[in-house]
Amino acid sequence: MKYKKGDNMNKEEKKVDFDLSLLTLNELVNLYDNVTNFLSYLSETKIEDTKEED
Amino acid sequence: MANFLEYIEEDIQSKKLLFSSMPVKTKTNKRKLNAKIDEVYNAYSEYKKSIKKYIELKSKSFNVIDNRNTADLADKISKLENIRFILNPSNTYFEKMGFDTLFYQISNSQDFNFSSLNSVFNEFINKFEMVNIKLNKSDFIYTYYVNQFMSSFLEIRKSNNKNIDQLTEIFEKIYWENPEIISHIELNFRKLIRKNEKKFIDYINKLKKELIEKNNMDYKNCLNQLSILYQEMNTIGKENVSDIIELAKKGELDVNHFFEESKVRVSTYSSLMLDSLNIENEPAMHKFYESLEKLKNNVKEYANYVKFSPLINDFKLKYLMKSNSEINKNDANKRLKELESQIDKNENKLNKLNKKIFGTTNKFFITKEKTSTVDLKIESVKQATELYDLYQKYNEEYFKVMVLDVVNNNFALKDLLHLYYSFDYYKKEAIKNSYEINNYDELIEYSDSFDLFALDLTNVIVCPVNAFDEASVAQVIINKYRLLNINIINEDLYPENIDSFIERINLILRIQEIEKSQLTVEKLWFIVQVNKYLINELENKQK
């Protein structure tokens with residue numbers, strides 16, 4: 001694969017800092033809400049097993 | 001580098017996109033989708049756990065520990081209030097022994113069940129035992145029926161039998177023959193109290209002496225000390241940041257109104273200032289907050305006067321109107337004596353009748369006299385009922401004498417509060433007459449809140465009862481605080497607006513309290529949010 005200009009920067013951009021102390025109080029609340037809502041979404045999205053054959 | 005929130009927002013979008021594009025036609029498709037969801041769910045559950053742990057710790061770190069200790073102070077106040085109650089120069093042994101409270105309960109027996117009524121009888125007997133008087137069935141001979149019931153009552157009491165079924169049966173049997181049995185038991189107790197008056201007076205006098213010597217204080221000293229302690233309690237008990245946090249957690253105040261950009265906050269500040277102040281001007285703002293704090297206390301006191309104005313007006317009408325105030329105190333005393341001797345006379349008459357009844361019923365053979373015994377019983381009940389009316393008149397006169405003893409042109413609101421506090425029976429009667437009260441519990445609520453108000457020695461509004469009307473007291477408050485640059489208008493003190501006016505003052509005082517503490521509005525908002533999460537989680541678990 002040929003080197004493309006900017007590849008390193010993209011990788012750097014995709015890194016995540018999980019340090020919660022960097023977030024403001026408002027952001028922490030948003031984060032908790034997003035995660036909680038997404039967990040509810042996941043529960044609702046799951047499809048129950050049926051007897052349907054392949 | 002993205003922070004955690006940015007990553008989550010982006011990740012959630014991409015995951016949602018992924019799930020929506022996954023095929024779900026076949027069972028295998030669905031299994032694959034579910035497996036992927038489970039994988040993501042587990043990862044996010046872990047995220048949630050860590051975030052929750054972090055925000056809980058952070059929220060706790062903002063909490064302000066309440067270091068106040070009001071228990072000792074409350075204890076001191078309670079001890080002094082007991083001394084105040086006994087040393088109160090305005091009432092007699094009758095009220096200090098609590099007989100008036102018990103009689104009020106008996107005279108409202110329709111609001112009690114049978115078991116509670118028995119407790120009242122029991123309490124009467126206990127009070128006699130306090131002064132070494134052991135009552136027996138021969139003391140309860142007001143009527144034949146009173147004797148019948150109280151004999152059984154005393155027997156059951158002596159045997160310490162908690163089962164009152166047998167007594168209920170006896171009561172019901174008597175009740176159908178004499179529905180006024182409870183009133184007649186009341187009269188029997190009244191007569192016994194009058195007969196043993198000296199013993200009760202001596203008991204209270206001894207108690208007074210002991211209290212004075214032990215505490216080295218008289219009534220006046222007691223009031224002075226209480227006044228200092230109440231002021232101290234007001235200062236210590238003043239709403240602080242910990243209280244605000246608790247109120248916010250309970251949802252009793254809206255933290256969103258505390259933020260600087262809140263329209264409610266901005267409009268509340270401007271609505272309470274006559275001339276707008278520069279928030280940066282600390283001395284001016286300090287004075288503003290101080291005035292608001294005082295105004296809040298005055299408005300709360302005023303709100304109590306508004307609450308009890310029907311009672312105040314009822315008193316004015318009964319005892320302070322010109323025609324009534326001309327009633328001579330000596331005349332009232334004379335009438336009281338007359339009623340007393342009339343009661344004695346009638347009770348002697350009833351006593352003679354009872355002797356005949358008890359004489360005939362004790363005979364082994366009842367032949368001819370059987371009919372006349374029935375007639376005698378009917379006559380005795382009739383006489384007892386007449387006596388009940390006489391006692392009612394006596395009670396009215398008794399309070400009138402007490403009132404005439406203290407009223408004059410300068411009789412002030414605080415004197416009125418003290419008078420009703422000193423005479424529980426008449427206070428409750430007045431409350432019942434002045435308000436639409438639906439049940440006994442509601443009456444007790446009014447009565448207790450009245451006592452709390454009457455006992456508060458930090459009340460400052462001075463006004464003769466004769467001159468009392470809500471509007472003029474309101475005007476005094478308005479005039480005073482407008483001079484201090486507080487924008488308060490008549491409508492603010494309309495009874496229906498007082499609570500919301502106090503809430504407006506509270507909003508500003510609470511913001512100031514937060515600003516001078518280590519807490520911030522944002523931190524308070526965060527504490528509330530985290531608390532909501534905890535409650536939600538608890539509720540979900542319970543489901």
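Residues are numbered from 1 along each chain as its sequence is written, and chains are lettered from A in the order in which they are written. Because the model is predicted, local features need pLDDT of at least 70 and side-chain atom pairs count only at pLDDT 80 or more, while totals for chains, interfaces and linings use all residues, and side-chain values use heavy atoms, with hydrogens and water left out.

**Exercise 1.** Find the buried residues of helix α12 of chain B, and describe both ends of this helix.

*Solution.* Start with the helix itself, a DSSP run of H or I with at least four residues, numbered from the N terminus; α12 of chain B spans residues 241–249. At the start of α12(B), a side-chain oxygen of B:Asn240 comes within 3.1 Å of the backbone nitrogen of B:Ser242, whereas just after the helix B:Gly251 has a positive phi of about 80 degrees.

**Exercise 2.** Describe the lining of the largest pocket, and state which helix supplies the largest share of this lining.

*Solution.* A pocket is an open set of points on a 1 Å grid over the protein atoms alone, where a 1.4 Å probe fits, with protein on both sides within 12 Å along at least five of seven lines, and its lining residues have an atom within 4 Å of a point. The lining of the largest pocket has 25 residues, and B:Asn234, B:Asn297, B:Lys300, B:Asp456 and B:Thr458 lie nearest the centre. The largest share, nine residues, comes from α14(B), and α11 (219–236), α21 (440–455) and α22 (470–482) of chain B each supply at least two.

**Exercise 3.** Which residues lie closest to the centre of the second largest pocket, and how many line this pocket?

*Solution.* The second largest pocket is lined by 21 residues, of which B:Tyr93, B:Glu197, B:Glu340, B:Tyr394 and B:Tyr398 are the closest to its centre. Turning to the helices, α18(B) gives the most to this lining, with six residues.

**Exercise 4.** How many residues of chain A are in contact with chain B?

*Solution.* Taking contact as heavy atoms within 4.5 Å, 33 residues of chain A are in contact with 42 residues of chain B.

How values were computed:
Buried means under 20% relative accessible area, exposed over 50%, partly exposed in between (1.4 Å probe, protein chains only). A polar contact is a pair of N or O atoms within 3.5 Å; within protein, one must be able to donate a hydrogen and the other to accept it, and residues adjacent in sequence count only if both atoms are side-chain atoms.
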